[in-house]
Amino acid sequence: MSKLDKIRKIIIKTIKKNNSHLHEPYFDKKELFEVKKTIKSTIVSTYGKSINIFEKKISKFLKSKFTLCVNSGTSALHISLKVLGVDRNSIVYMPSLTYVAAANAVRYNQAEPFFLDSDKFNYGICYKDLKKNLEKNVKFIKGKPFCKIAKKKISAILVVHAFGYAANIRKIIKIAKKFKIPVIEDAADCFGTKVFGKYLGTFGDVGILSFNGNKTITSGSGGAILTKNKKLFNRASKLITVSKKKHKWKFIHDEVGYNYKMNALNASLGIAQIKKINLILKRKKTLHFRYLKNFNDLKDIEVVTSEKNTKSNYWINLIKVKNISLRDKILNYLSRHKIYCRPVWDLMHTLPMYKKYYRSNISEAKKLYETTICLPSGPSL
Ligand SMILES: Cc1ncc(COP(=O)(O)O)c(C=O)c1O
C-alpha cells in the first residue's frame, strides 16, 4: 500500500465514512423547531427575543459579562477594533498566519497591520516575537505606546486562536499590559476552548466569535463580540445598529454606523446549537482521540494536539507532514477520493494586498503553512 493510500485508509477508519467535507454542522430536529418558532412569530429581523436569548446563553456558557451578536465574525472584528480606537493613525500587531478576515478588519479601520510569527505548537501568535518587536519598536509619547519605525500609535494586539487551539494568551496579556496595549482575541475558531479553566474570548479587552456554517456551533452565519467593559459594549451596540440612538418612534443617527446586528432567524438556529454544545464538544473530542490513535503507527506524521492546561474544542484536526511537496500530493490524492482536506490559511504577508506592510522574520509560520493539513472534523463524524 502506498503512503498516500495508508493516510486515506486511516482517515476513513477514523471518520467511519469514505468521503467527507472539512466541517459540516451537527443538526437534528431541534434546529427546525427553533427556526419555525421564529418564523411563526414573524419577527425575523434584527431585533426580537431570539437574539437576546442567544446572547444570554453565550454569556452564561462562556461566563462573559457582555455579549453582542452580529452578522459575522468579520463584522465582530471590524467593530471590536474600532471601539478600541483603531484608526488611520494606528498599527495593529497580529499574526501572519490567520484567516484573511482578521487582516481585512484592520484595513476596514484604515489601520496598518504589523505581521508577526506563529508559535509552532499552538499555531497562535508567537509571544516571544511579539515581546522582541515591542521591546525594539515601542517608545512612549504622553504615556501612550508608539511604533518607532511606522511612526504610528500602537492601538491593539490582535491575538488569533487558530483551529481550536489557544495562543499563549496569559503571557501575551502580561506583555500587552507592560506596553499598555489593548488586546483583542479572535476566538472565531475556538468556541468552547478553555485555558486554565477560562474560556477563550474572555481574556482580552474584547473577544470575538464566529458562528459561520463551518464552526463548532453555527447560526448559519454570524458572530459575537464579548467584553467585560460596559463602555466598549455600549459603543459597539450603537455602531452595529446603524448608530441609531434609542427613541420610541424617531430615527436619530448621529454618526456613521453599520447594519451588523444578527437577525432573529440566525439567532434561533444558534439557540438550538448552543443547547447541545456539550454533546458537540464531546463528539469532537472523541474524533480527535480517534485520529491520535489511528495515526500513531504512521511514521513522519504528527497529529497536532492540545498543550498542557488547554482544553481544546478540537475544531479542526491537523496533521504535520515532512514538506510542502508531500502536503500537496496528499491533498491532491485525498481530493480525488472525495475527502476534502485543506492546507492552513495563506500567510497574510504573502498576499498581494498585504505584502507592503511591516512584519518580523516569519519562519515558524512558514513551516506550519508548508507542512500542515486540515482533516475532516465535523461533529457528525
Ligand atoms: C480566525 C478567524 N477569524 C475570523 C473569521 C471570520 O468569521 P466569519 O466567517 O464569521 O466572518 C474566521 C472565519 O472562518 C476565522 O477562522
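The model is a predicted one, in which local features need pLDDT of at least 70 and side-chain atom pairs count only at pLDDT 80 or more, whereas totals for chains, interfaces and linings use all residues. Residues are numbered from 1 along each chain as its sequence is written, and side-chain values use heavy atoms, with hydrogens and water left out.

The protein holds twelve helices and 16 strands, these being DSSP runs numbered from the N terminus (helices H or I of at least four residues, strands E of at least two). Its C-alpha atoms fill a box of roughly 70 × 60 × 35 Å along the principal axes. The radius of gyration is 21 Å, which agrees with the value near 21 Å that a compact globule of 381 residues would have; the radius is taken over C-alpha atoms, and the globule rule is 2.2 Å times the number of residues to the power 0.38.

Of the 381 residues, 58% count as buried, that is, under 20% relative accessible area with a 1.4 Å probe and protein chains only.

Among the strands, four form an open antiparallel sheet in the order β12-β14-β16-β15, where two strands count as paired if DSSP finds at least two bridges between them. Because β12 (302-303) and β15 (342-343) stand at the edges with a single partner strand each, one side of each is left without a neighbour in the sheet. Strand β12 pairs with β14 (residues 317-320) in the antiparallel sense over two bridges, and V303 has I319 of β14 as its bridge partner.

Conventions:
Buried means under 20% relative accessible area, exposed over 50%, partly exposed in between (1.4 Å probe, protein chains only).
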